[in-house]
Amino acid sequence: ESATALSRLDELLPDVESNYERLASAILKTGVNAVATEQQIVRGVSQIAAITQTAGLATPEIVALASAMSSLGFSPELQRSIVTSSFTRILNATTQVTAATEKFGEVLGISGAQFQAAWREDALGTYERFLREVASRNDAVSVLQSLGLASQRLTPNLLKLGQNTDI
């Protein structure tokens, strides 16, 4: 079962290139330091791999994000929903600097161009900072609404993730 899972992840992830030992090591190391099991992490990775690659995340970053979300009790399908919704919105906002990019930048106290550059340089770090900042605000729900990131399912889970970026 483990060999099949690693082989499947090799197909989904950009930089595994049949280096199963490195992939297994990343999953194991993350699993040891997380509440989630390695199996939960693998299932999460398989669900978020496509969209996170589009954002430029490397395999260790994808594993870390899936681990954090699994540790918070997010099912693989919920992980896919949250990451797809939020990353798609941010990716669309960062293709060129627009009013949407400015809104994302505003949350972090930077310009839209700076947000675009930060996302392109370190998408996961920018995502974590963004979620942490939104979750710390009294107007978090209205901020998410203004960014098109509010729904019955998405809002509480983005806030939960933002409140637990240290996982």
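**Exercise 1.** How are α4 and α5 oriented to each other?

*Solution.* The model is predicted.
Step 1. Locate the helices: α4 covers residues 59-71 and α5 covers residues 76-93.
Step 2. Take the geometry. The two axes cross at roughly 125° and come within 11 Å.
Step 3. Classify the angle. Roughly perpendicular ends at 115 degrees, and roughly antiparallel needs over 145. α4 and α5 are therefore oblique to each other.

**Exercise 2.** Identify the residues that make the contact between α4 and α5, then sort them by class.

*Solution.* Step 1. From α4, list Leu-65, Ala-66, Met-69 and Ser-70.
Step 1. From α5, list Gln-79, Ile-82, Val-83 and Phe-87.
Step 2. Sort by class: six are nonpolar, two are polar and none is charged.

**Exercise 3.** Describe how α5 packs with α6.

*Solution.* Step 1. Helix α6 spans residues 99-108.
Step 1. The axes of α5 and α6 lie 8 Å apart, at an angle of about 115°.
Step 2. On the α5 side, the contact uses Arg-89, Ile-90 and Ala-93. They meet Ala-100, Thr-101 and Phe-104 of α6.
Step 3. By class, this contact has four nonpolar residues, one polar and one charged.

**Exercise 4.** Which residues touch the most other members of the largest nonpolar core?

*Solution.* Step 1. The largest nonpolar core holds 51 residues.
Step 1. Phe-87 and Tyr-127 touch the most other members.
Step 2. Follow Tyr-127. Leaving out residues up to four places away in sequence, Tyr-127 touches Ile-82, Ser-86, Phe-87, Ile-90, Trp-119, Leu-158 and Leu-161.

Key. Residues are numbered from 1 along each chain as its sequence is written. This is a predicted model: local features need pLDDT of at least 70, side-chain atom pairs count only at pLDDT 80 or more; totals for chains, interfaces and linings use all residues. Side-chain values use heavy atoms; hydrogens and water are left out. A nonpolar core is a set of buried Ala, Val, Leu, Ile, Met, Phe, Trp, Tyr and Cys residues joined through side-chain atoms within 4.5 Å. Buried means under 20% relative accessible area, exposed over 50%, partly exposed in between (1.4 Å probe, protein chains only). Contact means heavy atoms within 4.5 Å. Axes are lines fitted to C-alpha atoms, for helices over the stretch in contact, and angles run from 0 to 180 degrees between N-to-C directions. Helices (H or I, at least four residues) and strands (E, at least two) are DSSP runs, numbered from the N terminus. Angles under 35 degrees count as roughly parallel, over 145 as roughly antiparallel, 65 to 115 as roughly perpendicular and the rest as oblique. Ala, Val, Leu, Ile, Met, Phe, Trp, Tyr, Cys and Pro count as nonpolar, Asp, Glu, Lys and Arg as charged, and the others, Gly among them, as polar.
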